[in-house]
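Me: I am new to this structure. Could you take me through it in plain terms?

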Amino acid sequence: MTSDIVVTDKLTKRYGEHTAVDAVSLTVRAGEVYGFLGPNGAGKTTTLRMLTGLVRPTSGTATLFGCTPGDSTVAARTGVLIEGPGFFPYLSGRDNLRVLSRYRRLPDDAVQSALHRVGLRDRGHDRFRTYSLGMKQRLGVAAALLGEPDLLILDEPTNGLDPAGMAEMRELIVELANSGHSVMLSSHMLSEVQEICDRVGVISRGELIAQSTVAELRGGTSLLVRADPRERAATVLEELLGRGVVDTVGDALAVAVSPELAPKVARVLVDAGIDLHELSRRERSLEDVFFAMTSGSSPGDRTASNDPRRVS
Ligand SMILES: Nc1ncnc2c1ncn2[C@@H]1O[C@H](COP(=O)(O)OP(=O)(O)OP(=O)(O)O)[C@@H](O)[C@H]1O
């Protein structure tokens, strides 16, 4: 059984005339890594700020663990990293965490455990200002981890990191998820969301335009066929496989069927006297889908049967 630990219902935030978040209804389930994906200015941070009680919604509701954001139960069960960690530069990483830990009346070993979890145990005594950006972000995650919350809300945790720092942060998030934390993270980095998230919500211009698993969103695998004459190949394949499964992508055809049908596709084309130049397995990246959804144009394809514009 899945349980929804974050639920929003038509969550909306308006700043004057501008609607930053427009009737967003999303759910994050216990145990998952949920990617909140959207281009710059789409409304990700504003949504996360409403979830953490930093900003009041104009209308609609949000609940975390069945309670309102800001409630003490929510605060105890949720760790937050939003818009970069704020730490004292002249204090060590450990002392920065001690300040937070004492303020929250957590046991003394919480700091050591959090530093250990993010791989900073050996650098905990160094001053914060000497940390690399990746270490600063990891200390931010350590701060979110104090008290071992069930849910981590991380706003663009890899923002500004170099590729190695990004990889480390991704690894850390996967480890945290494997050790039982649910994670909701925002990102505009499609590749990282694709790699580490179980489900994603896509927000564009304040609206949630899709919510599903990464696999569902990508629409599974298909076949790419380069054949001559192309139009005739499309007709033959539609006769074999049904209408609506063949789409034109550049000078090739995208055929929305299981790659296991490749031998059959090859046979029928060759039997029809068509020259087959390429037949390959094709996986749409989340990037293809994302561009198709948020800008109406895609570097790849979008077949009618594969249209990911749905909220499950
Ligand atoms: N306090 C505010 N006052 C007025 N407008 C705001 C405020 N906060 C956010 N906005 C506007 O709301 C919209 C959504 O902003 P938000 O920061 O939530 O987007 P985002 O998806 O997190 O973008 P980014 O990836 O660039 O951080 C933007 O147009 C932004 O300018």
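Reply: What follows covers confidence, overall layout, the ligand shell and some single residues.

Me: Before that, what sort of model is this, and how are residues numbered?

Reply: This is a predicted model, in which local features need pLDDT of at least 70, side-chain atom pairs count only at pLDDT 80 or more, and totals for chains, interfaces and linings use all residues. Residues are numbered from 1 along each chain as its sequence is written.

Me: What is the mean pLDDT of the protein chain?

Reply: The mean is 86, and 91% of the residues reach 70 or more; pLDDT is the predictor's confidence in each residue, from 0 to 100. The model scores are ipTM 0.95 and pTM 0.78.

Me: Where is the pLDDT below 50?

Reply: That applies over residues 296-312, a stretch with 39 contacts in the model beyond near neighbours in sequence. Two residues are in contact if their C-beta atoms, placed from the backbone, lie within 7 Å. Where pLDDT is low, the predicted coordinates should not be read in detail.

Me: Now the layout. Which domains are assigned?

Reply: The protein chain has domain 1 (4-216) and domain 2 (221-283), with bounds from an automatic or database domain assignment. Their centres, taken over C-alpha atoms, are separated by 44 Å. The C-alpha trace of the chain spans about 75 × 45 × 40 Å along its principal axes.

Me: How many helices and strands are there?

Reply: There are 11 helices and 14 strands in the protein chain. These are DSSP runs numbered from the N terminus, helices being H or I with at least four residues and strands E with at least two.

Me: Which residues are around the ligand?

Reply: Among them are Tyr-15, His-18, Asn-40, Lys-44, Thr-45, Thr-46 and His-188; a residue is near a molecule if its C-beta atom, placed from the backbone, lies within 6 Å of it. Strand S2 (18-24) and helix H1 (44-51) each give two or more residues to this shell, and H1 gives the most, with three.

Me: How does that shell divide into nonpolar, polar and charged?

Reply: The division is three nonpolar, eight polar and one charged. Ala, Val, Leu, Ile, Met, Phe, Trp, Tyr, Cys and Pro count as nonpolar, Asp, Glu, Lys and Arg as charged, and the others, Gly among them, as polar.

Me: Changing topic: why does Arg-77 count as partly exposed?

Reply: Arg-77 counts as partly exposed because it has 18 C-beta neighbours inside 10 Å. A residue is buried if 20 or more other C-beta atoms lie within 10 Å of its own, exposed if 12 or fewer, and partly exposed in between, with C-beta atoms placed from the backbone. Arg-77 lies in helix H2 (residues 72-77).

Me: What is Arg-77 in contact with?

Reply: Leaving aside neighbours within four places in sequence, its contacts are Phe-65, Pro-149, Asp-150 and Leu-151. Phe-65 sits in the loop between strand S5 (59-64) and H2, and its phi is near 50°, a positive value in a residue other than glycine.

Me: And Lys-10, buried or exposed?

Reply: Lys-10 counts as exposed because it has 12 C-beta neighbours inside 10 Å. Lys-10 is placed in strand S1 (residues 4-15), and its phi is also positive, near 50°.

Me: Lastly, which peptide bond is cis?

Reply: The bond from Asp-228 to Pro-229 is cis, with omega near 0°. Pro-229 is in the loop between strand S11 (221-228) and H9. Just after H9, Gly-242 takes a positive phi of about 110°.
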